[in-house]
Amino acid sequence: MQENILVLGAGGQIGTELVETLRKKYSSARVVASDIKEEPAKTLLGEPFEVIDAMDRDRLEEIVAKYKITQVYHLVAMLSATAEKMPRKGWDLNMETLFHVLEMAREGKINKVFWPSSIAVFGPDTPRQNTPQHTVMNPTTVYGISKLSGELWCAYYHEKYGVDVRSLRYPGLISYKTLPGGGTTDYAVDIFHQAKARGQYECFLAEDTTLPMMYMPDAIKATIGIMEAPSEQVKIRTSYNLAALSFDPRTLAKAIQEHLPEFRINYVPDYRQAIARNWPGSIDDSAARTDWGWKPAFSLKDMVREMLANV
Ligand code: AKB
C-alpha cells in the first residue's frame, strides 16, 4: 500500500529532521509537512507544506482528505519547562491534539499514528538508574502528566478500537539543525551554540544532573524504526523506553573542552533543576531492543564531534 504521510509540528526540533529523512525514503510529494506558522518552517522544509493548527480538527480533516493521508506523525507539544509556566494551556494542547488524531484513526480516516512520549512520564518515586519499562511513574510536571495520560489513551484506543498507534519515550534530544523549544534538556543543545559563539556557557542545571539524552539521527532512526516494524512486533502500546546516552553537564563540558580547551562553564540552576531532579538518570530500553530491534549508533564522543562541526 502506498503511504501518504502528514507530519504535524514539522517545524520543531524532531520534525525538521524527520521530514527530511521521510522525504528521502518515500517520495517528497508523499510527505506533507505542517506547522502552526508558515515561516520559518515552509522555507526550511519546502513543499508540500500546509499551515495547520492541530487544535483545529476541521482543518486537520481537510488536509488528511486533500492528500489522502494514511499516516500521521503527531509532533505537536508544549514541552516541560514552558508547560510549567502555563499548565492549563499545556494540558489542553498536548491532550486535545492527540484526541483529534486518535479519533480520526478510530473513524478509519488514517491508518497509523506516531505520538511521542518522554522520560518526563517518570517521577520522584521511579527508580532513577536503569529505569525499567514498567515501573512506578507518578510524574510531577504538567508535561509529564499529559504524556503519561496520552500513553494510556494510546493503549486504550489500540485495545478498544484497534487503532495502530506507536510511541517512544524520548530522552533529551540533541541536534544542530533546529533549536529545541522550552524543554528541561535544552541546555545540552544551547551549550554547543554558546561554546562556539562565546567560548562559555551559563548552565541552568547543576553540574551533576545526569539525564538520558540522544543524538537526533538515532531518534529519527528509532521513530521510523517503530513505525515500519510489523504490527505484531510492537507489543507495548503505551510507549517504549528508549535510550542512548546518559551524562551530566560537567561531563558534556569536559567532552567539549577536548575540542575547545578554552571553553568555560558555570552553573546557575533555575526552576528547571527541580524538574530534572525528578527524572531518571538512565533508562532500560531492552523491550524496544528485543521487540523491534532498536539499537543506537552514536556515542557521546561522536555526538560532540558532529555538533561542534555543524552548529
Ligand atoms: C523536555 O526537556 O521537556 C523534553 C523531554 C525530555 O521530553 N526534551
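Arg169 is buried, at a relative accessible area of 3%. In this predicted model, the side chain of Arg169 meets that of Glu151 in a salt bridge, with an N to O distance of 2.8 Å. The pair joins distant parts of the chain, since Glu151 belongs to helix H6 and Arg169 to strand E6 (residues 164-170), 18 residues apart. Glu151 is likewise buried, with a relative accessible area of 1%.

**Salt bridges**

The structure holds 23 salt bridges. Side chains of opposite charge can pair when their charged atoms come close.

| Pair | N to O distance | Relative accessible area |
|---|---|---|
| Glu151 and Arg169 | 2.8 Å | Glu151 1%, Arg169 3% |
| Arg106 and Glu103 | 2.9 Å | Arg106 38%, Glu103 16% |
| Arg250 and Asp248 | 3.7 Å | Arg250 35%, Asp248 8% |

Arg106 and Glu103 are separated by about one helical turn, because they stand three residues apart in helix H5. An α-helix has 3.6 residues a turn, so residues three or four places apart point the same way. Arg106 counts as partly exposed, whereas Glu103 is buried. In the pair formed by Arg250 and Asp248, Arg250 is partly exposed and Asp248 is buried. Salt bridges with shared partners also connect Glu50, Arg59, Glu62 and Lys66 in one network.

**The largest pocket**

The largest pocket has a volume of about 1200 Å³. Its lining comprises 48 residues, and those nearest the centre are Gly12, Leu75, Ala77, Leu79 and Gly181. By class, the lining residues are 25 nonpolar, 16 polar and seven charged. Elements that each supply at least two lining residues include helix H1 (13-25), strand E2 (31-35), helix H5 (87-106) and H6.

**Helix H6 and the surface**

Helix H6 spans residues 142-161 and includes Tyr161. Tyr161 is partly exposed, with a relative accessible area of 38%. Together with Trp153 and Tyr156, Tyr161 makes a nonpolar surface patch of about 290 Å².

In helix H7 (residues 187-198), the buried residues are Tyr187, Ala188, Val189, Ile191, Phe192 and Ala195.

Glu306 is part of helix H12 (residues 300-310) and is partly exposed at a relative accessible area of 27%. Between Glu306 and Tyr176 the C-alpha to C-alpha distance is 8.8 Å, although they are 130 residues apart in sequence. Ala297, in the loop between helix H11 (286-292) and H12, counts as exposed at 53% relative accessibility. Ala297 and Met214 lie 9.9 Å apart, C-alpha to C-alpha, with a sequence separation of 83 residues.

Methods
Residues are numbered from 1 along each chain as its sequence is written. This is a predicted model: local features need pLDDT of at least 70, side-chain atom pairs count only at pLDDT 80 or more; totals for chains, interfaces and linings use all residues. Side-chain values use heavy atoms; hydrogens and water are left out. Patches are made of residues with over 30% relative accessible area and no salt bridge: like charges are joined within 9 Å, nonpolar side chains (Val, Leu, Ile, Met, Phe, Trp, Tyr) within 5 Å. Accessible areas come from the Shrake-Rupley method with a 1.4 Å probe; for residues, only the protein chains shown count as cover. A salt bridge is a side-chain nitrogen of Lys or Arg within 4 Å of a carboxyl oxygen of Asp or Glu. Helices (H or I, at least four residues) and strands (E, at least two) are DSSP runs, numbered from the N terminus. Buried means under 20% relative accessible area, exposed over 50%, partly exposed in between (1.4 Å probe, protein chains only). On a 1 Å grid over the protein atoms alone, a cavity is a set of points where a 1.4 Å probe fits but cannot get out, and a pocket is an open set with protein on both sides within 12 Å along at least five of seven lines; lining residues have an atom within 4 Å of a point. Grid points are joined across faces, edges and corners, and a volume is the space filled by probe spheres set on the points. Ala, Val, Leu, Ile, Met, Phe, Trp, Tyr, Cys and Pro count as nonpolar, Asp, Glu, Lys and Arg as charged, and the others, Gly among them, as polar.
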